[in-house]
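Good morning, and thank you for coming. Please look at the sequence and the structure on the screen while I take you through a few of their features.

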Amino acid sequence: MKRYKTIISICLLILTAVSATAQSSSNSPYTRYGFGQLSDQSFGNSKAMGGIAYGLRNGLHINASNPASYSAVDSLTFILDAGMSLQNANFKEGDVKTNAKNSTFDYIAMQFRLVKGLGLTAGFLPYSTVGYNMQKISYMTTNEFGNKISSITTFKGNGGLQQVFIGLGYQVFKNLSVGANLSYLYGDLTHSASTAFNYTEATSSVRADQISIRDYKLDFGMQYTQNFGEKHAITLGGIYSLGHDMNGDGYKFKETYDYNSTIQSQTVDTISNAFSLPTTWGIGATYVYDKRLTIGLDYTHQNWADIKFYNQKDAFQNRKKISVGAEYLPNPVGRNYFNRIRYRVGAYYSDPYAKVNGMEGAREYGASFGFGLPLHLYHAKTILNISGQYVKVSPKTKGLLEENYLRINIGLTFNERWFAKFRVD
């Protein structure tokens with residue numbers, strides 16, 4: 001009966017998340033550039049720890065950021081993990097402030113062991129998000145009748161890139177594991193700008209850029225664990241993501257209209273195989289004491305400066321990210337429920353990958369805290385992960401938009417011994 005209740009809870013979470021996905025998952029004008037806002041690839045426990053993942057290794061959670069971790073799942077366990085986020089965003093440009101609320105579906109994945117030392121994981125992760133709607137009013141000269149001519153340009157963007165993946169993690173030796181994820185990367189992004197005038201003889205126009213991607217993504221991972229005595233362990237992790245030209249086309253549309261909305265001209269340019277993925281590598285380490293305290297540090301480097309975007313280079317710059325985090329479990333076998341809660345905290349810093357008008361974009365700072373709440377006092381494997389995040393997007397160039405986010409992340413890790421064989425005497 002308890003298993004069915006857990007399954008129902010997961011279904012409700014997934015339905016809520018899918019419903020949330022129908023809404024815009026971003027309101028940031030910075031998603032006008034490149035492939036939009038890169039999505040956080042971490043799962044519920046990692047989000048609360050600043051996004052650390054490369055050295056995280058245990059059989060209770062799915063860690064899609066390093067596929068080598070899949071080999072940690074035991075032979076009796078089936079894991080299903082799903083999560084979503086709710087956020088409030090504050091935007092500031094000079095003395096102008098505005099707020100926006102939205103929600104996102106973050107991930108869903110399952111994991112189990114195939115044979116001894118070999119774990120399999122499959123799931124869905126967003127890769128990037130585009131979502132904005134803003135206007136710019138420009139005042140121009142006056143005409144011969146003394147009327148002031150003005151124009152309104154409306155900028156809109158929507159869409160994103162998604163990835164469906166399957167991965168294997170294999171324990172080569174007692175302390176060494178390797179793994180790989182194969183993803184199908186797909187999605188459409190649209191950016192448009194429409195300009196209208198308050199003057200009857202002026203020509204209005206609509207410009208739109210569309211990106212359509214259908215290709216693969218390949219990631220590799222490694223983890224090495226060294227124990228020191230009975231209570232101390234250090235895990236070193238590394239990942240590498242293959243950069244390559246993508247099977248994706250770009251479309252550039254332009255239409256002009258007269259005052260009666262009659263089309264005067266229309267052009268469509270198609271640019272084939274116009275985009276590529278960056279090479280990514282990362283390293284990380286975690287220290288674990290007595291299976292109760294975990295402390296970790298990650299570094300990620302993405303080589304965006306060399307990729308092509310609409311067959312042009314120098315549109316982006318290399319992106320670096322540093323994450324630190326910790327988790328504390330007071331007593332994994334005690335009867336006090338609060339001693340079995342996992343307390344988490346973390347922070348990160350990230351450089352932008354996209355340029356804004358040819359200049360460096362906005363840096364990102366984040367801090368997080370959260371809890372892993374066991375759904376049963378004596379069975380701590382199925383966990384409700386709840387965390388809060390504060391994210392500040394701060395441009396280096398004076399005068400650009402500042403953003404602040406308050407985000408609530410909710411995830412459910414359903415972890416049950418489905419493959420155990422029971423014997424009745």
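This is a predicted model: local features need pLDDT of at least 70, side-chain atom pairs count only at pLDDT 80 or more; totals for chains, interfaces and linings use all residues.

Strand β7 makes the largest contribution to the nonpolar patch, namely three residues. The patch lies on the surface and is formed by Tyr170, Val172, Phe173, Val178, Met222, Tyr224, Phe228, Ile234 and Leu236. Together these residues have about 790 Å² of accessible area. Two elements, β7 (204-228) and β8 (232-241), each give two or more residues to the patch. As for Tyr170, this residue belongs to strand β5, which covers residues 148-171.

How many cavities of 30 Å³ or more does the structure hold? There are two cavities of that size.

The largest cavity contains about 100 Å³ of space. Its lining consists of 13 residues. Nearest to the centre of the largest cavity are Asn45, Leu56, His61, Ile62 and Asn63. By residue class, the lining of the largest cavity comprises four nonpolar, eight polar and one charged.

The second largest cavity holds about 30 Å³ of space. Which residues line the second largest cavity? They are Gly44, Lys47, Gly83, Met84, Asp106, Tyr107, Asn385, Ser387, Asn409, Ile410 and Gly411. In the lining of the second largest cavity, three residues are nonpolar, six are polar and two are charged.

Strand β13 spans residues 319-328 and is joined to strand β12, residues 293-302, by 10 bridges. Do β12 and β13 run parallel or antiparallel? They run antiparallel. Within this pairing, Asp298 has Ser323 of β13 as its bridge partner.

Strand β13 also pairs with strand β14, residues 342-350, through eight bridges. The sense of the pairing between β13 and β14 is antiparallel. Here Glu327 finds its bridge partner in Arg344 of β14.

One is the nonpolar surface patch, to which β7 gives the most. Thank you for your attention.

Note on methods:
Residues are numbered from 1 along each chain as its sequence is written. Side-chain values use heavy atoms; hydrogens and water are left out. On a 1 Å grid over the protein atoms alone, a cavity is a set of points where a 1.4 Å probe fits but cannot get out, and a pocket is an open set with protein on both sides within 12 Å along at least five of seven lines; lining residues have an atom within 4 Å of a point. Grid points are joined across faces, edges and corners, and a volume is the space filled by probe spheres set on the points. Ala, Val, Leu, Ile, Met, Phe, Trp, Tyr, Cys and Pro count as nonpolar, Asp, Glu, Lys and Arg as charged, and the others, Gly among them, as polar. Two strands pair if DSSP finds at least two bridges between them. Helices (H or I, at least four residues) and strands (E, at least two) are DSSP runs, numbered from the N terminus. Patches are made of residues with over 30% relative accessible area and no salt bridge: like charges are joined within 9 Å, nonpolar side chains (Val, Leu, Ile, Met, Phe, Trp, Tyr) within 5 Å. Accessible areas come from the Shrake-Rupley method with a 1.4 Å probe; for residues, only the protein chains shown count as cover. A salt bridge is a side-chain nitrogen of Lys or Arg within 4 Å of a carboxyl oxygen of Asp or Glu.
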